[in-house]
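Here's a short tour to read with the model open beside you. Take it one piece at a time, and look up each spot as it comes along.

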Amino acid sequence: MEPESVDVAVVGAGFAGLYALHRLRGLGLRVQVMEAAGDIGGTWFHNRYPGARCDIESLQYSYSFDAELEQEWNWSERFATQPEILRYLHHVADRFDLRRDISLGTRVVAVAFDEAAGTWTVTTASGREMVATYVVMATGCLSAPQTPRIPGLEAFAGEVHHTADWPRGGVDLAGRRVGVIGTGSSGIQAIPELAEQAGELVVFQRTPHFSVPARNTPLTPEKTRYWKDHYQELRSLAREDTPTGVLYDFATFSAQAVDDRARDVEFEARWDKGGANFAYAFKDLTVDEVSNDYAAEFVRRKIREIVKDSAVAERLCPVDYPIFTKRICVDSEYYDTYNRPNVLLVDLRQEPLERVTEAGLRTSAQEYALDVLVLATGFDAITGALGRIDIRGVGGLRLKEKWAGGPRTYLGLMSAGFPNFFMITGPGSPSVLSNVVVAIEQHVDWIADCLLHLRSVGAQRLEPTVPAEDAWVAHVNALASATLFVRAASWYMGANIPGKPRVFMPYIGAADYRRRCREIAGTGYPGFAITVPGAPSGEAPPSPRQPA
Ligand code: FAD
Ligand code: NAP
């Protein structure tokens, strides 16, 4: 049987895949989306753990591509819950009639370039094949859950649940002894809720994270009205004038430009307001060690104020990496949770984890009896989902091998040797260091403009040149090296995955990035080799139009 044939194969049906389908279909292209999960939603389908919600305000963490969609949707809270965000994505899928071109329960296992035909063959786990001119990987930066190899895990008699693979029907925790490994954003959101529901909760912490209060509240009609009335200008400001794609109050001066009192007043005001806005209290918090330490010390002071048992408070205080170099957590009553009588904090640095037993979890000090074990142990981030697919480019080159020393891309959108193969929020783009929805829309729009360009010049093939890619990788590394980010063993660096090369993967500076992408698209795609049948190969033909 002949394989199906489409113009564009999109892998993944989260925020990125859904918008890619809508936008590319709008160009008259035949698009097919393949999604491994049983339904759409991506992150918001998989991460159903109690307490899951966004940490960027919903009015900003949402699509901006359609004004009517913006006007008709009402967010109920400042930071929407997972079910509400999932409902939103379902609404989007229905509103734009997306489902008819999405194959659910369809895991892509291989993507291979056919040099002679100039097409890609996409193979699914069930053996279905699809031939596509273009491939768009919308597989997500935080979609490959990481389960650590803990000896004995398979022998545990109770239930084990990863936060990123939480059962659809929920988990009954009432009266049960629950253990949680992991205190990153997922753990920090889940722990207060787990403590409410469980009989006893034991938190196994290896490294404490810094967390700031969300101060989540219902959204007032006035605030919603204001945003709806000003969406266009606010979104534009966030996109064009911020390093994060989010409107925060960005300070313009150093933490060292003010005295101790003024500094504390500023930190305090932001702590009271809630959210990641705290991270922008001074302009140099991620680049200057002294300034950074002021912020870190402020948070440590808060932890000591909130947590009544001083020994527990000390264990919760991060001391060995700069604040903000791992994603700042945004919580609801996280530190207060340790004042509850049914919550125990176990410091795995003091008593290392030895194994999971049939009855629970054993550290070097003792065995903790558990009925349920929650793994809030994170993701093989940014490159993980791509790495789980056998991707082969020109000459059978495997992406995984090419990236053995760290990912190599041009603009985080494409990689040399993989023509017509696009990545949304790929390594080397702002992705997780920005509002990811904003980053997704920018990438999808860039790809759509690029395909229009190729069509208008009669081109069949586009890929980055090796020198352009090398220069981009060096540029991304140089930006990171000028900051404190490289000082933490974070998932941004691949440090949470044994054997993964330690390379800082995201691009720092979303607005600058956007300008560069626009400039490249507007000047005939320098750094890309564009092949037009009949024309000398390797030359980018002149751009007949400026992209939108
Ligand atoms: P995803 O939503 O991850 O979707 C990728 C899809 O691809 C998944 O459905 C997956 O099943 C599918 N897929 C992967 N591999 C294959 C394959 N081989 N074959 C077929 N399908 C495949 N970002 C923010 O900016 N703000 C936030 O507040 C925020 N909160 C977050 C909270 C949590 C709990 C997590 C885990 C992440 C959060 N993020 C946040 C990041 C979040 O991942 C992005 O905001 C966004 O949802 C990513 O959308 P996406 O479509 O790129 O990827
Ligand atoms: P994470 O930040 O990588 O945290 C994983 C946690 O598991 C860490 O505390 C880690 O400890 C621990 N861990 C991993 N392996 C372990 C082992 N073998 N033994 C003991 N502890 C172990 O992952 P995450 O919390 O899922 O968050 C990932 C990202 O997803 C976030 O940074 C954020 O971008 C996004 N997210 C956002 C939200 C939100 O608020 N909207 C919520 C969830 C996730 P070590 O630090 O010692 O390795």
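How many residues lie between E13 and E14 in their hairpin? The answer is three: E13 and E14 form a hairpin with three residues between them.

Before going further, some ground rules. This is a predicted model, in which local features need pLDDT of at least 70 and side-chain atom pairs count only at pLDDT 80 or more, while totals for chains, interfaces and linings use all residues. Residues are numbered from 1 along each chain as its sequence is written, chains are lettered from A and ligands numbered from 1 in the order in which they are written, and side-chain values use heavy atoms, with hydrogens and water left out.

Helices (H or I, at least four residues) and strands (E, at least two) are DSSP runs, numbered from the N terminus. Two strands pair if DSSP finds at least two bridges between them. Here, three strands make an open sheet in the order E13-E14-E15, with antiparallel pairing. Strand E13 (353–356) and strand E15 (367–369) are the edge strands, each pairing on one side only. From one strand to the next, the twist averages 20°; the axes behind that angle are lines fitted to C-alpha atoms, for helices over the stretch in contact, and angles run from 0 to 180 degrees between N-to-C directions.

Now zoom in on the pairs. E13 and E14 are joined antiparallel over three bridges, and Arg355 stands opposite Arg362 in E14. Strand E14 (residues 360–363) also has three bridges to E15, again antiparallel. There, Gly360 has Ala369 in E15 as its bridge partner.

**Helix H4**

Next, find helix H4 (residues 82–95). Its 14 residues reach 20 Å from first C-alpha to last, close to the 20 Å expected at 1.5 Å a residue. (The expected span is 1.5 Å times one less than the number of residues.) Several H4 residues are buried, including Ile85, Leu86, Leu89 and Val92. Buried means under 20% relative accessible area, exposed over 50%, and partly exposed in between (1.4 Å probe, protein chains only). The cover over the buried residues of H4 includes helix H1 (15–25), helix H2 (43–46) and helix H3 (67–72); contact here means heavy atoms within 4.5 Å. Just after H4, Asp97 takes a positive phi of about 50°.

Is His161 buried or exposed? His161 counts as buried because its relative accessible area is 12%. You'll find His161 in strand E7 (residues 159–162), and among the residues it touches are Trp166, Pro167 and Val372.

Thr531, in strand E20 (residues 528–531), is partly exposed, with a relative accessible area of 26%. Thr531 touches Ala459, Gln460 and Arg461, leaving aside residues up to four places away in sequence.

**Around ligand 1**

There are 33 residues around ligand 1, and Ala16, Glu35, Thr43, Asp55 and Tyr61 come nearest. Being near means having a heavy atom within 4 Å.

| Residue (backbone atom) | Ligand 1 atom | Distance |
|---|---|---|
| Ala16 | oxygen | 2.8 Å |
| Ile56 | oxygen | 3.4 Å |
| Val108 | nitrogen | 2.9 Å |

Note on methods: Polar contact = N/O pair within 3.5 Å; in protein donor to acceptor, adjacent residues only side chain to side chain.
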